[in-house]
Amino acid sequence: MYVDYVDDADQEPAPRRGWRIAGWVAIACSVIMVVVSLVLYGTYLKLEGNINHDNLDTQINAATRPKKLNSALNILMLGTDSRAGKNSKYGAGMKNDPPRSDTMILLHLSPGGGQAVGISFPRDLMVPIPSCKRKDGTTTPAQSVAMINSSFTLGGAACTIKTIEGISNIRIDHFLEVDFTSFKGVVDALGGVDVCLPKAVHDKASKLNLSAGKHLIKGETALAFVRNRHGLGDGSDLQRIKRQQQFLGSAAKKALSAGTLSNPSKLLSLLSAATKSLTTDTGFDTGAMYKVGTGLQGMTTGKIRFITVPLGAYAPDHNRVALGQPAANTFFASIRNDKTVADQPKQATSKTSVPASQVKVQVFNASGTQGKAQRIADQLTAQGFNVIKVGNAPANSGKTTQVLFGQGADQQAATLAALVPNAKPTSRAGGTAGVVDLVVGADWTALKGKKATVIPKVQGEIKANDNICKAA
């Protein structure tokens, strides 16, 4: 029988043996795919199991909410001081107190993921608070004016959303409610965040002890840093907001530079940390978070901005603030109408044209209207051009709009000229190699294509690519 077995094996046709090998490979691949699918599904269920979900539809009447005017994504991030569960170590005596939200940041993601703007609302901002429906079905009375953070204490995230939508007319798509535990987990998952202090701090209340200079902080130290109010600076909430914005900018830089958002393993690890003790709306599940994270992976740190909503004095109480008008309404309108990415005009159709991101532009004002060059530079930046300089044109530049290029920048000039009415690219003697000059004349009208709404710069804003020690 042994001989017969060997003979049979030797005489077996090769194609049949190949089929068997291919068959086993196919089966093995199928098994691996099933196992991987089960692991991923198990991971998804685990992450999803970490999250608490609130159904906003039961608390907010959809018919009363602002309409969406673009495809941007607006996510309200709320930091709470809840002492429930693992957070009790930060004040067990407050365990049964209603949680407050002293950190309110509206994260605006432009259409197509071209830029992100984090808009901070100070806790001391005095605004109208609408009547809100609580989770238990009861309602709160409307208030003509009150501190904005009281909206969360009265009616949770749903009430804060109604309040911010009411003063801004911006539709909020999702919310994230983060407590002390989930904050620490995210920072640790990033491997810590770089901060820089202008002077040493030794605060007994928060137990924050750091020397002057740059530090990589995580865990309890990071939490104490962002919560600290009286041990750093002038003790104001506005300065604490500025410090939190610098921290978030540094965290964003860390995530992008480390490839966290483009690495599925790192991103899942970050999501695992982020979803612990996290509360969101029912529509913002782990899959939606993962999609947002991967959609941001190509964003540069220079396109991530942190802004405090325009403010003014609140006359009845100098310890409180009010919206600064008309700047606040202008700013809110730019967020509502943000189409800078989705509505980019078509560029030159030449096969040799280059994309806007590779076009270095200098914008010079020869129009006689102060500030026009800067406004046009902001529009070009919003459409992806690399504006490297803004200034006044030399006296002999004339009053006509011109697109001039230095050596080797003819195709870059063609890309820009496609957006400038009646402008023909012209070589500039003595021009900077590789750079295109836009001279804005008195005949300037507007960039071609659909009008882009630029989110205006706000005094004191922070970008994720800022030098953190310089900002300190």
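**Strand pairing and one buried loop serine**

Good morning. Two strands count as paired if DSSP finds at least two bridges between them. Helices (H or I, at least four residues) and strands (E, at least two) are DSSP runs, numbered from the N terminus.

A word on the source. This is a predicted model, in which local features need pLDDT of at least 70 and side-chain atom pairs count only at pLDDT 80 or more, while totals for chains, interfaces and linings use all residues. Residues are numbered from 1 along each chain as its sequence is written, and side-chain values use heavy atoms, with hydrogens and water left out.

β2 and β7 sit within an open sheet of eight strands, ordered β1-β12-β7-β2-β3-β4-β13-β21, with mixed pairing. Its edge strands, β1 (51–54) and β21 (462–463), each pair on one side only.

I turn next to strand β16 (residues 360–365). Five of its six residues are buried, so β16 is largely enclosed by the rest of the structure; buried means under 20% relative accessible area, exposed over 50%, partly exposed in between (1.4 Å probe, protein chains only). β16 pairs in the parallel sense with strand β17 (residues 386–392) over six bridges, and V361 has V387 as its bridge partner there. Six bridges also join β16 to strand β20 (residues 435–440), again running parallel; in β20, the partner of V361 is V436.

Finally, S110 lies in the loop between β3 (101–109) and β4 (116–120). S110 is buried, with a relative accessible area of 3%.
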